[in-house]
Amino acid sequence: MRTQHSVAPQSAPPVHEPAQYLTFMLAGEAFAIGILCIKEIIEYAQLTTVPMMPPSVRGVINLRGAVVPVMDLQARFGRPASEVTKRTCIVIVEVQAGDDSQVIGVVVDAVNEVIEIAPADIEPAPAFGARIRTDFIQGMGKVKGRFVILLNVDQVLSLDELGALQDASAEAQALAA
């Protein structure tokens, strides 16, 4: 009688595929957002300003019947607002807010290209020295010998945090009056 030995299939080591990112420019610096959260890129058009919004929210646009808030990343990073030029675009992204998702427009100086970055080419966010908050940085991608700042869109575009900033600003204005 012959005994059969079953050999458990060995699982292959996890494959770390390169991820795709949309690169864009802000004040001469290269940034990138994971392509999976990007819905579309549109030409910069007239915005409708909304009173009592934080300085980083430029206004809203009508995107096929939906009201979409538009954020200026420069202002969000505590810098002067971006100047609008011929190459200025609005990148439409979808962010997670708890169980819901929210569509937000982001003003960028210019869109560059979609690139692939392997996980091995992504360094952790620097603990200091970055000109933006470290919780906004997902990592630093090495591309063609240069670094691209990979943004954590759920943190950068956090509506809860913006709402808290707006509430604090309104309270400060009420106290000053």
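Contact here means heavy atoms within 4.5 Å. By that criterion, and leaving aside neighbours within four places in sequence, Leu-73 is in contact with Phe-24, Leu-26, Val-106, Val-107, Leu-151, Val-156 and Leu-157. The model is a predicted one, in which local features need pLDDT of at least 70 and side-chain atom pairs count only at pLDDT 80 or more, while totals for chains, interfaces and linings use all residues. Residues are numbered from 1 along each chain as its sequence is written, and side-chain values use heavy atoms, with hydrogens and water left out.

A nonpolar core is taken as a set of buried Ala, Val, Leu, Ile, Met, Phe, Trp, Tyr and Cys residues joined through side-chain atoms within 4.5 Å; buried means under 20% relative accessible area, exposed over 50%, and partly exposed in between (1.4 Å probe, protein chains only). The largest such core has 26 residues, and Phe-24, Ile-33, Leu-73, Phe-77, Val-93, Leu-151 and Leu-157 have the most contacts inside it. At least two residues each come from strand S1 (19-26), S2, strand S6 (89-97), strand S7 (100-108), S10, S11 and helix H2 (153-156). S6 gives the most, with 4 residues. Another core, of 8 residues, lies apart from it and includes Leu-47, Ile-61, Ile-90 and Ile-92. In soluble globular proteins, nonpolar side chains tend to be buried together.

Turning to secondary structure, the chain holds 3 helices and 11 strands; helices (H or I, at least four residues) and strands (E, at least two) are DSSP runs, numbered from the N terminus. An open sheet of mixed pairing is formed by 6 strands in the order S8-S1-S2-S11-S10-S9. Its edge strands, S8 (110-117) and S9, each pair on one side only, where pairing requires that DSSP finds at least two bridges between two strands. Strands S2 (residues 29-34) and S11 (residues 146-151) run parallel and are joined by 2 bridges, with Ile-149 in S11 as the bridge partner of Phe-31.

Thr-134 sits in the loop between strand S9 (122-123) and strand S10 (137-143). This residue counts as partly exposed because its relative accessibility is 38%. Not counting residues up to four places away in sequence, Thr-134 touches Ala-125, Pro-126 and Ala-127. Between Thr-134 and Asn-152, the C-alpha to C-alpha distance is 9.7 Å, and the two are 18 residues apart in sequence.

For the chain as a whole, 36% of the 177 residues count as buried. Of the contacts with a separation of 6 or more, 56% are between residues 24 or more positions apart.
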